[in-house]
Amino acid sequence: MPLEWRDAMGIGHATIDADHKHLIDIINQFEASPDLAHAEKAARDLLQHAHNHFGREEQIQKDSGYPLCTLHRIEHEELLIKLKTLIRQHFIERSPTDVQAVVTEMRDLIRDWFVGHVLYMDLKMKPYIDAMTMAEALVPA
């Protein structure tokens with residue numbers, strides 16, 4: 001069953017919410033055809049997406065005064081390490097592996113990334129994003 005965006009998943013920042021919707025698209029494209037070729041495409045798409053998204057998100061965290069931004073950045077780094085390791089082992093070095101094991105590893109990584117990181121860690125930013133948005137609305141143009 002494909003993941004579907006729900007408003008409750010949003011943190012209230014248009015750019016970050018759009019990034020998270022794109023992450024859902026990457027996950028759904030992979031899960032529609034969970035084979036080795038789609039696992040590689042998803043992994044490379046995720047790496048590109050993560051490089052762009054993490055920088056934006058970390059800057060927004062700083063701008064909003066989010067107190068857990070260092071912990072969040074460390075989690076981003078750990079996700080990137082896992083993803084780069086998966087790509088290197090299975091798609092660059094192409095070490096002999098069980099195809100189903102690679103597909104399962106990819107599925108576990110992206111599901112954990114979305115549920116564990118986006119829905120758990122990122123939603124903690126929402127009150128800070130809301131406060132920043134309210135403060136910006138009060139400043140005369």
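In the predicted model, His76 touches Phe54, Glu57, Glu58 and His117, leaving aside residues up to four places away in sequence. One of these neighbours, Glu57, is also a polar partner: the side chains of His76 and Glu57 form a polar contact at 2.8 Å. His76 belongs to helix 3, which covers residues 69-92. The relative accessible area of His76 is 1%; because this value falls under the 20% cut-off, His76 is classed as buried.

The protein holds 5 helices and 0 strands, so that the order of elements from the N terminus reads α-α-α-α-α. The C-alpha trace extends over about 60 × 30 × 25 Å along its principal axes. Among contacts in the protein with a separation of 6 or more, 77% join residues 24 or more positions apart.

Buried residues, the class to which His76 belongs, make up 38% of the 141 residues of the protein. With regard to charge, the protein carries 15 positive and 23 negative side chains. The centres of the positive and negative sets are 2 Å apart.

Notes:
Residues numbered from 1 in each chain as written. Predicted model: local features only at pLDDT ≥ 70, side-chain atom pairs only at ≥ 80, totals over all residues. Heavy atoms only, no water. Helix = DSSP H or I, 4+ residues; strand = E, 2+ residues; numbered from the N terminus. Buried < 20%, exposed > 50% of the residue type's maximum accessible area, 1.4 Å probe, protein only. Contact = heavy atoms within 4.5 Å. Lys, Arg positive; Asp, Glu negative; His and termini not counted. Charge placed at Lys NZ, Arg CZ, Asp CG, Glu CD. Polar contact = N/O pair within 3.5 Å; in protein donor to acceptor, adjacent residues only side chain to side chain.
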